[in-house]
Amino acid sequence: MEFKAHQPIYLQIYLYICEMILNGKYNIGDKIMSVREMAIEVGVNPNTVMRSYELLQSKNIIINKRGIGFNVSENAKELILEEQKKQFMEEELPEIIKKFKMFGISMKEIENLIEN
Amino acid sequence: MITIKNLDFSYKNAAVFRNISLEFKKGNIYGLLGENGVGKTTLLKIICGLQFPNNGTCRVDDFIPQERNPHFLQNIFYLPEEVITDDTTPDVYVNKLGVFYPNYDYSYFLNLMKELEVDPKRKFNALSFGQKKKALLACALSLRTEYLLLDEPTNGLDIPSKALFRKVILQHGVTTDTTDLHRLPTIIISTHQVKDVENLIDPIVILDHDEVLLNATFEEISSKLFFEYGAEKSDEALYTEQMPGGFINVIPNKFEMDSKVNVEALFNAVRNNKKRIKEIFNN
């Protein structure tokens, strides 16, 4: 796995797993890779992967079934989308709006872009 | 667990360690960092019983390494930086070595050699330096000891081999069961090639002339220090390093901000601010 230079690795792995849930590689109830397997897959220390899993668990995206492993929770997709939407609205959209204004792009142009 | 308490060590009149104390907890892959000559190799030798402390103690679980109890020795392996150059083959060598280690796994050795792309039947003196390093790594791993001490294991490896090194270390276990986190060996990797092992190691120990400057997990480091990647130098930074497109500032983390630990910048920040770092991490 190629990592971005400036984002904590555990967050990048967290987002990687969220992505796999969103794109259907993991479905509701699926058992996800063990910490160990994921560490080998992404080439990262198991402690780091453990942190990603703890974060996923604290957000109820995955559930720890003792002795069995981690499973995708029932409303994992909604939770991820909700979080990512919030982040988009608060962090990315204001930047985009700034650019719309800077380039003088009208609402009409934007509407056209979205419709096509 | 490895527990070192108030340990002194010197070679004749040259003091290497003065009253150092530190712990290595089980099941972790430790990175042991430090400039040349600070005693990384010496520390590994003390842990495996090849050197004896002048004062203080080193314990590995219930054992004192210098007593060289066979039950201790069969569960620890130290892989020196230097390679074998004679006319034995890795295959012959590992089978001789394996006699002393009850968990020794020959088929695992063969798999590792395949994965690392070295011919086990080729004599050491006919292998390139990198191939020798990889062959000896395979020998060391195949003993499946609980403790594994690797001295500069990535020295002389080419880029693809470095990636293979990380992979085999992460796959490695005391047993063949790869799902069990509790059966992970304790590995200490001494290196000054930080980039090679940056994502592999956690915790990090930084040694200096006669003291331990840092022994902390990535989580602890990122809670104490903030690594700011930006266009400008920061006045508050303990250390600033120029990089393509800007600077890395290592700043005391006052606002509990999350950031990516850059181990090279960390190393330099620690080296240039020994006292401050100790204060920051002891709070």
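In this predicted model, A:Val35, A:Arg36, A:Met38 and A:Ala39 of helix H2(A) meet A:Pro46, A:Val49, A:Met50 and A:Tyr53 of helix H3(A); residues are in contact if their C-beta atoms, placed from the backbone, lie within 7 Å. By class, this contact holds 7 nonpolar, no polar and 1 charged residues (Ala, Val, Leu, Ile, Met, Phe, Trp, Tyr, Cys and Pro count as nonpolar, Asp, Glu, Lys and Arg as charged, the others, Gly among them, as polar).

**Helix packing in chain A**
- H2 (residues 35-42) and H3 (residues 46-58) of chain A pack at about 115°, with axes 9 Å apart (axes are lines fitted to C-alpha atoms, for helices over the stretch in contact, and angles run from 0 to 180 degrees between N-to-C directions).
- Helices (H or I, at least four residues) and strands (E, at least two) are DSSP runs, numbered from the N terminus.

**Sheet in chain B**
- Six strands form an open, mixed sheet in the order E5-E6-E7-E3-E8-E9 (chain B); strands pair if DSSP finds at least two bridges between them.
- At its edges lie E5 (76-79) and E9 (211-216) of chain B, each pairing on one side only.
- E6 (residues 147-151) and E7 (residues 186-191) of chain B run parallel over 5 bridges, and B:Tyr147 stands opposite B:Thr186 in E7(B).

**Confidence and conventions**
- Chain A averages a pLDDT (the predictor's confidence in each residue, from 0 to 100) of 93, and 100% of its residues score at least 70.
- Residues are numbered from 1 along each chain as its sequence is written, while chains are lettered from A and ligands numbered from 1 in the order in which they are written.
- Local features need pLDDT of at least 70 and side-chain atom pairs count only at pLDDT 80 or more, whereas totals for chains, interfaces and linings use all residues.

Key: Two residues are in contact if their C-beta atoms, placed from the backbone, lie within 7 Å.
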